[in-house]
Amino acid sequence: MKFFVDTADVDAIAELNALGMVDGVTTNPSLIMKSGRDIKEVTKEICNMIAGPVSAETVATDAEGMIAEGRELAKIADNIAIKVPLTWAGLKACKTLTDEGRMVNVTLCFSPNQALLAAKAGATFISPFIGRLDDINLDGMELIADIRTIYDNYDFGTEILAASIRTVNHMTEAARIGADVATAPPGVIKKMAEHVLTDKGLDGFLSDWAKTGQKIL
Ligand code: E4P
């Protein structure tokens, strides 16, 4: 499973990238707002750092507007994936932009039927939002499983980009189901390294080591 980082915080991306953990980046208007940076400036900086796809989201609500904004965002770098919402207008924009040879990430997907339409429109990535479904007492992971089954039934090439990931369990489950990509906040990716038995085991080893009075260096 590829790891994308869901943030516009360049320092956080750089830290994970240094460990080889970053296959791509996703941003959205809320994350740009949170960064306090200019969209083109910060996206360019991220694209210079990361070789994989960097999603930058359009904000127009009509297809023509999304297409124009998508073309503008694509000028930032060759690894831009244009993000459009899963509306009828977004699907039109997806078709046009993918026909032009651009990467398109169709976002705000909440149903298997929406994912089916995005694949038919040629999306490079479909972004089903797990956490936001869980928030309203629905099962976000069931959506990932349903899309995996449907895409495999028909050999769709669209990659499932599990999004709105809030917990480390979301990462495990997305990987178990076979999502192609998971995009997660930096904090969730770092938390995947944690285990109480690792901490306990390390404490024990260090305490015994201190009793030996030895040094390695
Ligand atoms: C994905 O591309 C979105 O930016 C993101 O995963 C949304 O997550 P949220 O529901 O935690 O805002």
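Start with the salt bridges: this predicted model holds 16 of them. Side chains of opposite charge can pair when their charged atoms come close. The stops below visit some of these pairs, then turn to a charged patch and one lysine.

**Stop 1: Arg102 and Glu100.** Select both side chains. Arginine 102 bridges to glutamate 100, and the closest N and O atoms lie 2.7 Å apart. Now colour by accessibility. Arginine 102 is partly exposed, at a relative accessible area of 28%. Glutamate 100 is partly exposed too, at 33%.

**Stop 2: Lys191 and Glu194.** Move along the chain. Lysine 191 pairs with glutamate 194 in a salt bridge, with 3.3 Å between the closest N and O atoms. Are the two partners buried or exposed? Lysine 191 has a relative accessible area of 46%, so it counts as partly exposed. Glutamate 194 reaches 53% and counts as exposed, because the exposed class begins over 50%.

**Stop 3: helix H11.** Select residues 196-212, which make up helix H11. Find aspartate 208 and lysine 211 there: they sit three residues apart, about one turn of the helix. Their side chains meet in a salt bridge, 3.3 Å from N to O. Aspartate 208 is partly exposed at 44% relative accessibility. Lysine 211 is exposed, with a relative accessible area of 66%.

**Stop 4: a network.** Next, select Arg37, Glu41 and Glu45. Salt bridges with shared partners link these residues into one network.

**Stop 5: a negative patch.** Which residues gather in a patch of negative charge on the surface? Select Asp134, Asp139, Glu142 and Asp146. Residues in such a patch have no salt bridge and over 30% relative accessible area. Zoom in on glutamate 142, which belongs to helix H8, residues 140-154. Its relative accessible area is 48%, so glutamate 142 is partly exposed.

**Stop 6: Lys190.** Finish at helix H10, residues 186-191, where lysine 190 is found. Lysine 190 is partly exposed, at 44% relative accessibility. What does lysine 190 contact, leaving aside its neighbours within four places in sequence? Show Glu15 and Leu16: lysine 190 is in contact with both.

Definitions and conventions:
Residues numbered from 1 in each chain as written. Predicted model: local features only at pLDDT ≥ 70, side-chain atom pairs only at ≥ 80, totals over all residues. Heavy atoms only, no water. Patch = residues over 30% accessible without salt bridge, like charges linked within 9 Å, V, L, I, M, F, W, Y side chains within 5 Å. Areas by Shrake-Rupley, 256 points an atom, 1.4 Å probe, with all protein chains shown as cover. Salt bridge = Lys/Arg side-chain N within 4 Å of Asp/Glu carboxyl O. Lys, Arg positive; Asp, Glu negative; His and termini not counted. Charge placed at Lys NZ, Arg CZ, Asp CG, Glu CD. Helix = DSSP H or I, 4+ residues; strand = E, 2+ residues; numbered from the N terminus. Buried < 20%, exposed > 50% of the residue type's maximum accessible area, 1.4 Å probe, protein only. Contact = heavy atoms within 4.5 Å.
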